[in-house]
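Let's take a walk through this structure together, starting with the overall layout and ending at a loop.

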Amino acid sequence: MAAGGGIDPIHQFHITEIVALKPFGLNLSFTNTSLWMVIVLATVSAIMIYGSSQRAVVPGRLQSLAEMIYEFVASTLTGVMGKEGMKFFPFVFSLFAFVLASNMLGMIPGSFTVTSQIIVTAAFAVLVISVVLIYGIVKHGSHFFGLFVPSGVPGWLLPFMVLIEVVSFLSRPVSLSLRLFGNMLAGHIALKVFGGFVVALIAAGGAATIIAPLPLLLAVALTALEFLVAFLQAYVFAILTCVYLNDALHPGH
Amino acid sequence: MTEPDPNASDSELRARLGSLKSAIQRAEANDKPGASPAGEDKALAGAMSSGFRAATDLAGGIIAGALIGYLGDRWLGTSPFLLIAFLVIGTIAGFRSVYRLGSRPTSGSSGGPKAN
């Protein structure tokens, strides 16, 4: 077997510095992650700006794509929060579009998946929870903390339940960031590993070469699955953002 | 046919009224939280999102509990005890999240009111 054959499934996640910037001992270098975030941002902006600039009654390709994303996010949002949730539309739409675009661009071979870095997804999750906390407290004051007091619980159990509710609330950013990060990381590693099997089997020669197409077939199937997961994770991220924002909008249900 | 015809028959007007009523009902249903225009693919996406949620909510609770316990231990110098306590609490919180997810009606993508 091609032991030490140089197929390293983790290598695609390595962060390399493109422009080293280290002012005041802070590492603010422009890395490949930053580069791909800029590419994602440019892609989303291009689609939305070009798509909304034409305003044709019969939409072209890009315009209908932009309208489709808009309507999808809008219906998801109003489905969870109702019409008054539309004030969060720019926030949710930006998150959804960014996550979707970075997941999809990550499927291009040789590209870099921004959302496979836990620091990126964790930053998103912290942003979402901060918005929930700040909006909830500003809008509802101390009434917001009624979220942590479940109703219909006997008095002696209440402190314990409040503690559990608080931990449960704190676990939201963890699970939110972990879900996106884990799915993207695992999917890309699996693709790389199956691709590596093909190379290793062909390199082994003899009878092993005959079964080399088998992992190739699996890699093809996995690619299709990954596209589904790339979309679904963006959707899950958006809908969970809506669910959490709904708690800030109507606490104490 | 924008102006209603003055000498239109009763049944025509009634049909028009009925169609307008159903349009209003549809618009109102979209206004309410928890109501989602359930499409076929949207239902699948909703179901899969629930699955992803259940899987990671459990892990998220345990990890968040462990993190809180570990940081609390480092802060207060009570080495293993807070970690153990919060690990248990985090696990319970994770299970509670999954239980709450399961106890709420999941039609498509509805977040719905929390079933506490």
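Helices (H or I, at least four residues) and strands (E, at least two) are taken here as DSSP runs, numbered from the N terminus. Chain A has seven helices and two strands, and from the N terminus on they follow the order β-β-α-α-α-α-α-α-α. What you are viewing is a predicted model, in which local features need pLDDT of at least 70 and side-chain atom pairs count only at pLDDT 80 or more, while totals for chains, interfaces and linings use all residues. Residues are numbered from 1 along each chain as its sequence is written, with chains lettered from A and ligands numbered from 1 in the order in which they are written.

The C-alpha trace of chain A spans about 70 × 60 × 45 Å along its principal axes. Of its 253 residues, 32% count as buried, meaning that 20 or more other C-beta atoms lie within 10 Å of a residue's own; 12 or fewer make it exposed, anything in between partly exposed, with C-beta atoms placed from the backbone.

Now look inside. A nonpolar core is a set of buried Ala, Val, Leu, Ile, Met, Phe, Trp, Tyr and Cys residues joined through C-beta atoms within 7 Å. The largest one holds 52 residues, of which Phe96(A), Phe237(A), Ala238(A), Ile239(A) and Cys242(A) touch the most other members. Its largest share, 13 residues, comes from α7(A).

For a contrast, turn to the loop between α1 and α2 of chain A, where Ala56(A) lies. Ala56(A) is exposed because it has 8 other C-beta atoms within 10 Å.
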